[in-house]
Amino acid sequence: MLHRCAQSNTCPQILETLGSAELYSEKMSASLCGFTCVADIPLPTNVHRYYSPGATHGGGSGSFHWDSPDTVTIPAGQSLPNNPIPLTFTNNALQYAFIQLLMSGTKMPRSVYPTLARGELVPNTAAAEGFPNIPRLPYRGDQAWPPVVYDFGPRENYDQESGVPTIQPPIIKKNGVLPVYAAKVNEDGNEDVTGLPTVLGEAPLGTYVGWNLATTGWYGPNASNGPGSVGQVFAGAGNSGGYLPFWDTRAHRMADVPVADPRLSVEERYGTHDGYVCVVTAAGNEAVKERFLLASDAQTLISNAKASNVLGPPYMPTSADIILAHSLCSH
């Protein structure tokens, strides 16, 4: 993309941001590791790239509200609730840093994104990603839209992105459906790769994924394959990433049917409401230190966490829960 400006030494500074949904529904892996994904494409010095693990396209609501897996709202036409991980706050910090780069030459925060070299970009299968067996959240990232190489005819100049297309609509070249690569995940199903430390991602209330299959429309499971035809088309991860909350307590998670949820509950992670706020505070402070978050936005996020219902009434912490929370807050 930068061939011509590199030759004339006129390339601009570029701020590039992306999230998990871009890997599943926007074919972004081709931009990271090319048509074959045998090696990472080197990042030019004028490109500053920032990846938000688990985030939906454009970011979510940023809500710290906890919902039960039994009662969380699933919008019509979707298979999962909306992913709440926000991009507003990290974008604020990155845009501020970008202005400082352009106006005074202040160095940008380090680029953070998954790579093949670190074993973070892998084929979009449950086995390759290490996606756990979560009863209410079967893996569907294998439905991602793949990059496709088209043939527009001999008069098209692909290198210069110019010419005259003579094949319309274009045809897919032989072996032209490219592999999809996505991010490795941890035992919760949350992405565990180099990326922006979003506060909600660092203090999770559930599993956040970059895919969310549609259940209605021409792309839904009962859609028509064309005029007069009837078939099943279950292709494509929607731009709205998905989400499944953790249970509030260990007792509730173990009582989940038909199989106990393997993910630790909010209680087992944070102990008390104060314990959760302490983890959010630590995550915010660390992000500010790295210049991935403005101090004012960190205070907003901490205030939102304090006002949230996470481990609030009628939940009654045990002595063990209080000890866990004190341990988290002491750090």
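Contact, in this talk, means heavy atoms within 4.5 Å. Two notes on the source. This is a predicted model, where local features need pLDDT of at least 70, side-chain atom pairs count only at pLDDT 80 or more, and totals for chains, interfaces and linings use all residues. Residues are numbered from 1 along each chain as its sequence is written, and side-chain values use heavy atoms, with hydrogens and water left out.

Let me start with Gly 206. Gly 206 sits in strand E9, residues 206-209. Helices (H or I, at least four residues) and strands (E, at least two) are DSSP runs, numbered from the N terminus. Is Gly 206 buried or exposed? Gly 206 is buried, because its relative accessibility is 0%. The cut-offs: buried is under 20% relative accessible area, exposed is over 50%, and partly exposed is in between, with a 1.4 Å probe and protein chains only. Which residues does Gly 206 contact, beyond its neighbours within four places in sequence? They are Asn 190, Tyr 243, Leu 244, Pro 245, Phe 246 and Arg 263.

Leaving aside neighbours within four places, Ser 265 is in contact with Phe 246, Trp 247, Asp 248, Thr 249, Arg 250 and Arg 253. Ser 265 lies in the loop between helix H7 (250-254) and H8. Ser 265 counts as buried because its relative accessibility is 0%. Its C-alpha is 14 Å from that of Asp 70, 195 residues apart along the chain.

Now helix H4, residues 88-104. H4 has 17 residues and reaches 24 Å from first C-alpha to last, close to the expected 24 Å. That expected span is 1.5 Å times one less than the number of residues. Its buried residues are Phe 89, Thr 90, Ala 93, Leu 94, Ala 97, Phe 98 and Leu 101. What do they pack against? Strand E1 (14-19), strand E2 (47-52) and helix H10 (295-306). Just after H4, Gly 105 takes a positive phi of about 80°.

Further along, Thr 115 is in the loop between H4 and strand E3 (121-123). Thr 115 counts as buried because its relative accessible area is 7%. A polar atom of the Thr 115 side chain lies 3.2 Å from the backbone nitrogen of Arg 118. Not counting residues up to four places away, Thr 115 touches Asp 40, Glu 120 and Leu 121.

Next, the core. A nonpolar core is a set of buried Ala, Val, Leu, Ile, Met, Phe, Trp, Tyr and Cys residues joined through side-chain atoms within 4.5 Å. The largest has 38 residues, and Phe 64, Leu 205, Val 266, Tyr 276 and Val 280 touch the most other members. H4, helix H6 (199-202), helix H8 (266-270), helix H9 (273-289) and H10 each supply at least two residues of this core. Take Tyr 276: beyond four places in sequence, its contacts include Phe 64, Leu 200 and Leu 205.

On a 1 Å grid over the protein atoms alone, a cavity is a set of points where a 1.4 Å probe fits but cannot get out; a pocket is an open set with protein on both sides within 12 Å along at least five of seven lines; lining residues have an atom within 4 Å of a point. Points are joined across faces, edges and corners, and a volume is the space filled by probe spheres set on them.

The largest pocket holds about 1,200 Å³. Its lining has 30 residues, with Met 1, Ala 30, Ser 31, Phe 35 and Glu 161 nearest the centre. E4 gives the most to that lining, three residues.

How many cavities reach 30 Å³ or more? Three. H4 and H6 are the elements that give two or more residues to it.

Most residues other than glycine have a negative phi, and most peptide bonds are trans. Glu 161, not a glycine, has a positive phi of about 50°. Glu 161 is exposed, because its relative accessibility is 64%. Asn 175 has a positive phi near 60°, and sits in strand E7, residues 171-177. Val 257 and Pro 258 are joined by a cis peptide bond, omega about 5°. Pro 313 to Pro 314 is also cis, omega near 10°.

Definitions and conventions:
A polar contact is a pair of N or O atoms within 3.5 Å; within protein, one must be able to donate a hydrogen and the other to accept it, and residues adjacent in sequence count only if both atoms are side-chain atoms.
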